[in-house]
Amino acid sequence: MRATIFSIKAAQRLDSRGKPTVQVEITTSDGTFPAIVPSGASKGDYEAIELRDKDSKAFGGNGVLEAVRNVEEVIGPAIMSKAFDLAEGMKPIDDFMVKLDGTSDKSKLGANSILAVSMACARACAAAQSVPLYEFIAREIGSKGPGYTMPVPFFNVLNGGVHSGNGMAFQEFMIAPIAAQSVTEGIQWAAEVYQELKSLIVEKFGKSAIGIGDEGGFCPPISHPSEALDLLVESFRRSGHDSHFQVGIDPASSEFFKDDKYDLGFKTQETDMRTKSGMAELYNDLIERYPIVLLEDPFAQDDWDAWVSFNETCKIELVGDDLLATNIIRIDKAAEKKACNALLLKINQIGTISEALTAAKRAYELGWSVFVSHRSGESTDSFIADLTVGIGSGHLKSGAPCRGERVVKYNRLMDIEDILKAQNIECRYPGEQFRWAGKARDSRN
Ligand code: PGA
Ligand code: ZN
């Protein structure tokens with residue numbers, strides 16, 4: 001029997017920052033499938049455009065009622081009129097929406113409306129094929145297994161940049177439980193370190209310093225990255241997890257790039273301007289002194305020469321976020337220039353699940369790794385947990401082990417691990433090999 005869509009409904013709901021976002025519900029003969037989209041704060045210039053109403057009387061101009069209307073009055077009816085067979089997968093639907101929008105950045109109908117439909121469609125298609133979402137995504141990307149590679153979760157436990165109110169210019173300090181034997185164990189260890197970090201912050205800065213930032217990490221009154229890294233190393237030690245963790249940093253440096261220089265004092269009263277080579281020296285010094293294995297957006301989205309020069313000698317994972325914007329044109333440009341060696345995969349940067357899968361595939365073909373990511377303004381949707389397992393990328397970031405919109409992804413990963421184990425389906429935890437998980441997946445095909 002053909003599985004087709006009965007209805008596509010949309011509504012304005014709230015994200016984790018209390019800002020409006022788009023929710024979609026698709027009903028088919030298999031049931032009703034919801035999705036809610038996230039939104040970034042340190043957005044790149046090359047991301048697909050999310051529509052905001054600009055009506056200053058509602059939500060300070062951040063309403064998404066136009067995007068909601070676009071789903072209900074344009075996208076929904078157009079998709080329904082095509083009567084797509086959901087059992088055949090989601091690519092025809094995503095391709096159709098891209099054409100219907102007709103712009104290169106989805107600015108006509110909005111990446112927020114299109115993505116919400118795309119995510120809900122993925123769930124509806126999975127149900128039409130009678131498989132869980134992670135398995136459907138594995139099929140869509142062409143993975144033949146056997147089994148699944150679970151991700152090493154990177155927990156952003158210290159928040160700076162535009163995600164918090166302290167003086168720290170760097171946006172994210174992430175801890176990765178590489179010595180764990182499973183996702184479930186890794187999440188436990190990270191939660192233990194997180195509590196220890198909290199105690200350490202109380203001890204050093206007092207109780208008023210344990211407030212958290214947009215992604216659930218602490219934001220104590222520190223400003224130099226080595227202060228943050230010292231706190232992490234000390235919390236590993238105190239929680240009995242010395243040598244169990246490695247560290248990732250996302251400075252999100254496009255946010256403090258001005259006049260060809262980087263201002264590490266952009267959140268304080270003082271300016272602290274660094275040249276590109278000064279930044280490279282700072283990173284190399286930190287990499288030498290701390291167990292850092294991943295660096296994301298160390299340079300701004302258009303500072304190509306700084307990226308290229310750093311990548312020449314870089315031995316760790318060098319991830320392009322704002323640089324690539326999950327966009328295949330930017331990925332190809334970066335590959336040609338040899339600017340980085342990994343893709344940050346954010347579904348709302350590109351606006352459909354199929355295009356995100358194409359971006360991941362291209363990254364694998366280039367021999368890069370793929371790091372799946374949430375946004376700082378998240379929803380309670382756990383979609384990216386299934387996405388990460390489905391594409392076998394070996395690592396993801398979803399913030400601290402704290403706040404519902406962050407832990408819903410980690411909890412879903414533990415659910416998936418339990419399901420796979422109960423069914424005796426192989427599920428590998430890549431540990432230190434997280435970077436090469438995608439390549440291993442590819443070579444098995
Ligand atoms: P954003 O931050 O969601 O605010 O863009 C996440 C990131 O920079 O990786
Ligand atoms: Zn980033």
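Trainee: Which protein residues are the donors of the zinc ion (ligand 2)?
Mentor: This is a predicted model. In it, the protein donors lie 2.1 to 2.2 Å from the zinc ion (ligand 2).

Trainee: Now ligand 1. Which residues come nearest to ligand 1?
Mentor: There are 14 residues around ligand 1. That shell divides into one nonpolar, five polar and eight charged. The residues that come nearest are A41, H163, R375, S376 and K397.

Trainee: How far is an N or O atom in the side chain of R375 from an oxygen atom of ligand 1?
Mentor: Start with two other residues. A backbone N or O atom of A41 lies 2.7 Å from an oxygen atom of ligand 1. For D250, a side-chain N or O atom is 3.1 Å from a ligand 1 oxygen. For the side chain of R375, the distance is 2.7 Å.

Trainee: How much of the accessible area of ligand 1 does the protein cover?
Mentor: Contacts with ligand 1 oxygens include one from the side chain of R375, at 2.7 Å. On its own, ligand 1 has 280 Å² of accessible area. The protein covers 100% of it.

Trainee: How many disulfides does the count come to?
Mentor: A disulfide is a covalent bond between the sulfur atoms of two cysteines. Take C125, which is buried at 0% relative accessibility. The closest cysteine sulfur to its own is in C121, 5.7 Å away, and that is too far for a bond because the cut-off is 2.5 Å. The count comes to zero.

Trainee: Is C427 buried or exposed?
Mentor: The relative accessible area of C427 is 18%. The limit for buried is under 20%. So C427 is buried.

Trainee: Which side chain does S369 join in a polar contact?
Mentor: S369 lies in strand β14, residues 369–373. S369 is buried, at 1% relative accessibility. Its side chain makes a polar contact of 2.9 Å, and the partner is E317.

Trainee: And which side chain does S118 join in a polar contact?
Mentor: S118 sits in helix α3, residues 111–128. Its relative accessibility is 0%, so S118 counts as buried. The polar contact is 2.8 Å, and the partner is D94.

Trainee: How far apart in space are S164 and I212?
Mentor: S164 is in the loop between β5 (152–159) and β6 (172–176). At 14% relative accessibility, S164 is buried. S164 and I212 are 48 residues apart in sequence. C-alpha to C-alpha, the distance in space is 7.6 Å.

Trainee: How far apart in space are V71 and C121?
Mentor: V71 belongs to helix α1, residues 65–82. V71 is buried, at 0% relative accessibility. Along the sequence, V71 and C121 are 50 residues apart. Between their C-alpha atoms, the distance is 13 Å.

Trainee: What is the phi of A83?
Mentor: Most residues other than glycine have a negative phi. A83 is in the loop between α1 and α2 (91–101). A83 is partly exposed, with a relative accessible area of 33%. A83 is not a glycine, yet its phi is positive, at about 50 degrees.

Trainee: Where is T326 found?
Mentor: T326 has a positive phi, near 50 degrees, though T326 is a residue other than glycine. At 1% relative accessibility, T326 counts as buried. T326 is found in the loop between β12 and α9.

Key. Residues numbered from 1 in each chain as written. Chains lettered and ligands numbered in written order. Predicted model: local features only at pLDDT ≥ 70, side-chain atom pairs only at ≥ 80, totals over all residues. Heavy atoms only, no water. Donors = N, O, S within 2.8 Å, 3.2 Å for Na, K, Ca; no water. Buried < 20%, exposed > 50% of the residue type's maximum accessible area, 1.4 Å probe, protein only. Near = heavy atom within 4 Å. Polar contact = N/O pair within 3.5 Å; in protein donor to acceptor, adjacent residues only side chain to side chain. Areas by Shrake-Rupley, 256 points an atom, 1.4 Å probe, with all protein chains shown as cover. Nonpolar A, V, L, I, M, F, W, Y, C, P; charged D, E, K, R; others polar. Helix = DSSP H or I, 4+ residues; strand = E, 2+ residues; numbered from the N terminus.
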